[in-house]
Amino acid sequence: MKPRELFIAFWTIVVKEIRRFMRIWPQTLLPPAITMTLYFIIFGNLIGSRIGEMGGFDYMEYIVPGLIMMSVITNSYGNVVSSFYGTKFQRHVEELLVSPIPNWVILSGYVVGGVARGVGVGLIVTLLSLFFTDLQVHHLFVTISIVLMTSILFSLGGFINAIYANSFDDISIVPTFVLTPLTYLGGVFYSIQLLPEFWQGVSMLNPILYMVNTFRYGILGVSDINIVFAFSMLLAVIAVLFSYSLYLLQKGKGIRS
Amino acid sequence: MTAALSIRNLRKTYGNGFEALKGISLEVQQGDFFALLGPNGAGKSTTLGIVSSLVNKSSGDVEVFGHSLDTAHAQAKMCLGVVPQEFNFNQFEKVMDIVTTQAGYYGIPPRLARERAEYYLKKLGLWDKRNQVSRMLSGGMKRRLMIARALVHEPRVLILDEPTAGVDIELRRSMWAFLQEINRAGTTIILTTHYLEEAESLCRNIAIIDHGRIVKDTSVKALLQQLNTETFILDINPPQAALPALNGYQARLEDDHTLVVDVEKTQGLSRLFSELSSQRIEVQSMRNKANRLEELFVSLVDKNLTDEKNA
């Protein structure tokens, strides 16, 4: 395929993905808006006013970056895992398999679809947070790049999960038993400096901690971790997941007999 | 002339050890209307699945218009349009979106995609349904939608896996007419079917596959010539209570006014009419049995089964 044809094919997948989550907006865009508003009211306003400061900031200010990042993570992952599994389940993945689109374009299309929803929901949550706090961006480049990289990483994770999934149960196991606990323990609601030394060490093994803290650094200028290390780690993990996803597509795992 | 489809020594063994294809070779010429026949589980869908890139082959070579599926898969896929047996489109998408999205996968710009979608949806009687969600369509409409989707990039070869399964007679006839029209316009058509009447009336060439092997690969005409006997059904008058004596002919009475006669190639019909006439039996109408191909198919498949058992 020529470069222009490749771009048309890529853009077709992206538009199809965006059309999908926009069509079912009460399932995709509305729930995170409601959930995050409740977090802002309950944890930020009601409980937060009694907690006082965290990391030198008002508690509401401290948790807003974490909650935005939580939305980006869960929605990027959730979009790709449910969309690609649905594509497999309804067998319209065959539309892609019979076409001449290279695997890297298929993968990129789904990942960008996941990023579109992750970043879109992140923006909705950011706008909602403005009703509760003033949001100043300390470092725009860090803020934007960490959101995009996190979204890409979890979109790839969702894609791999969808490839291995054989039932609808299989696409909810990772979000429920892995993503949610790691996100809650990833410094969304607290600074790990509050933890005993041993648990601080354990927390450093949680990759989501690096994403949340790098984003918090972009917004507030404070972080529990080394930003350069966080970016390097993310780049490396994205490269590994992208290569592994391509390998699975090439092999036809779960999609070809 | 390059073959539209060339398959050489194709083998497929599934993960559970089942050997679906045992080294089949096949050529379909450009412009052909070709049928791949075989009983359930013979390997038809596996063969078409490998050609369509939906099934991984174990070994062998497949070329579409000279483009290898291994080394030039994009060019090969550009030449192929595939209509599967099962509905495999997004049930929540609109008809128009399904067709234009498929066009996009082939790198067709949106405006041209819409023009082509309009043309094929009109051709297949689905234009009125273009904004309808696909799951609301009837079974026949869904099947036509898959044909429109497969044609939107104007492939040189159209593969149809049992296109008329579960389709009523009227729609089946209109689909046959449409397929013949695009075949006349130059599209090579390869289909699998269980309706042997369909293969007999549409196809010029035929391959019969059984237990993962090609047991016959010839023209429909040549295949039918292999029939030594042809069966005729005669409406006779007056009604006969007993079978008339027909010297040398195998015959039976279906009912008192329907006589079924097996006529060997060497016998001809003139003597049959003379014999009936001498017994004052009038032939009011006559037709030959439509499932001639079916008889051959059954005999070939039975023979293959016997050969396999003896091997």
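What follows is a briefing on the chains, their contact and a few local details.

This is a predicted model, in which local features need pLDDT of at least 70 and side-chain atom pairs count only at pLDDT 80 or more, while totals for chains, interfaces and linings use all residues. Residues are numbered from 1 along each chain as its sequence is written, chains are lettered from A and ligands numbered from 1 in the order in which they are written, and side-chain values use heavy atoms, with hydrogens and water left out.

**Chain A as a whole**

- Chain A has eleven helices and two strands; helices (H or I, at least four residues) and strands (E, at least two) are DSSP runs, numbered from the N terminus.
- Along the sequence of chain A, the order of these elements is α-α-α-β-β-α-α-α-α-α-α-α-α.
- Chain A has a radius of gyration of 19 Å, close to the 18 Å that the globule rule gives for 257 residues, so it is as compact as a globular protein of that length. The radius is taken over C-alpha atoms, and the globule rule is 2.2 Å times the number of residues to the power 0.38.
- The C-alpha trace of chain A spans about 60 × 35 × 35 Å along its principal axes.

**Where chain A meets chain B**

- The contact (heavy atoms within 4.5 Å) takes 25 residues from chain A and 31 residues from chain B.
- About 2600 Å² is buried between chain A and chain B, and carbon and sulfur atoms give 52% of that area. Buried area is the accessible area (1.4 Å probe) that two parts lose on being put together, summed over both.
- The interface of chain A and chain B holds 13 residue pairs in polar contact, both residues being at pLDDT 80 or more. A polar contact is a pair of N or O atoms within 3.5 Å; within protein, one must be able to donate a hydrogen and the other to accept it, and residues adjacent in sequence count only if both atoms are side-chain atoms.
- On the side of chain A that touches chain B, helix 1 (3–23) and helix 5 (93–97) of chain A each supply at least two residues.
- Helix 1 of chain A gives the most to that side, with nine residues.
- By class, the side of chain A that touches chain B has ten nonpolar, five polar and ten charged residues. Here Ala, Val, Leu, Ile, Met, Phe, Trp, Tyr, Cys and Pro count as nonpolar, Asp, Glu, Lys and Arg as charged, and the others, Gly among them, as polar.

**Salt bridges**

- Over all chains, the whole structure has 15 salt bridges, each being a side-chain nitrogen of Lys or Arg within 4 Å of a carboxyl oxygen of Asp or Glu.
- Four salt bridges are found across the interface of chain A and chain B.
- Arg149(B) forms a salt bridge with Glu95(A), with the closest N and O atoms 2.7 Å apart.
- Arg19(A) forms a salt bridge with Glu93(B), with the closest N and O atoms 3.2 Å apart. Arg19(A) lies in helix 1 of chain A and Glu93(B) in the loop between strand 6 (80–83) and helix 3 (95–105) of chain B, so the pair joins two chains.

**Details in chain B**

- Chain B is divided into domain 1 (5–219) and domain 2 (227–292), with bounds from an automatic or database domain assignment.
- The centres of these two domains of chain B, taken over C-alpha atoms, are 42 Å apart.
- Asn237(B) and Pro238(B) are joined by a cis peptide bond, with omega about 0°. Pro238(B) sits in the loop between strand 11 (229–237) and strand 12 (250–255) of chain B.
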